[in-house]
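Q: Could we go through this model together, starting with single residues and then moving out to the whole chain?

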Amino acid sequence: MLRTYVRTLSVLLQTMTPDEIDEAGLTDRHALAEEAIDRCAANLQNLTRQYAPSPFANIA
């Protein structure tokens, strides 16, 4: 569910053009939001790798 939320926010952030962001006065907030979403996506990726079952886990 969190992965879907992060993807949705990422898509929403990409929908605004740079001109629209500037006109709305959201340049700073937009940049902060993109950084936060990137960090969340990276953390989710690390968690997925860390807790995903290994294909070799049940060999022995």
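Q: Is Ala33 buried, partly exposed or exposed?
A: Ala33 counts as partly exposed, because its relative accessibility is 27%, where buried means under 20% relative accessible area, exposed over 50%, and partly exposed in between (1.4 Å probe, protein chains only). This is a predicted model, in which local features need pLDDT of at least 70 and side-chain atom pairs count only at pLDDT 80 or more, while totals for chains, interfaces and linings use all residues. Residues are numbered from 1 along each chain as its sequence is written, and side-chain values use heavy atoms, with hydrogens and water left out.

Q: Which helix does Ala33 lie in, then?
A: Ala33 lies in helix α3; helices (H or I, at least four residues) and strands (E, at least two) are DSSP runs, numbered from the N terminus.

Q: And how far apart are the C-alpha atoms of Ala33 and Leu9?
A: The separation between those C-alpha atoms of Ala33 and Leu9 is 8.8 Å, although the two residues are 24 residues apart along the chain.

Q: Let's turn to His30: why does it count as buried?
A: His30 counts as buried because its relative accessibility is 11%, and this residue is found in helix α3, which covers residues 27-51.

Q: What is His30 in contact with, leaving aside neighbours within four places in sequence?
A: With those neighbours left aside, His30 is in contact with Leu13 and Ile21, contact being heavy atoms within 4.5 Å.

Q: Changing topic, where is Asp22 found, and what is its relative accessible area?
A: Asp22 is found in helix α2, which spans residues 18-23, and with a relative accessible area of 48% Asp22 is partly exposed.

Q: Stepping back, how many helices and strands does the protein have?
A: The secondary structure comes to three helices and zero strands, and from the N terminus on the elements run α-α-α.
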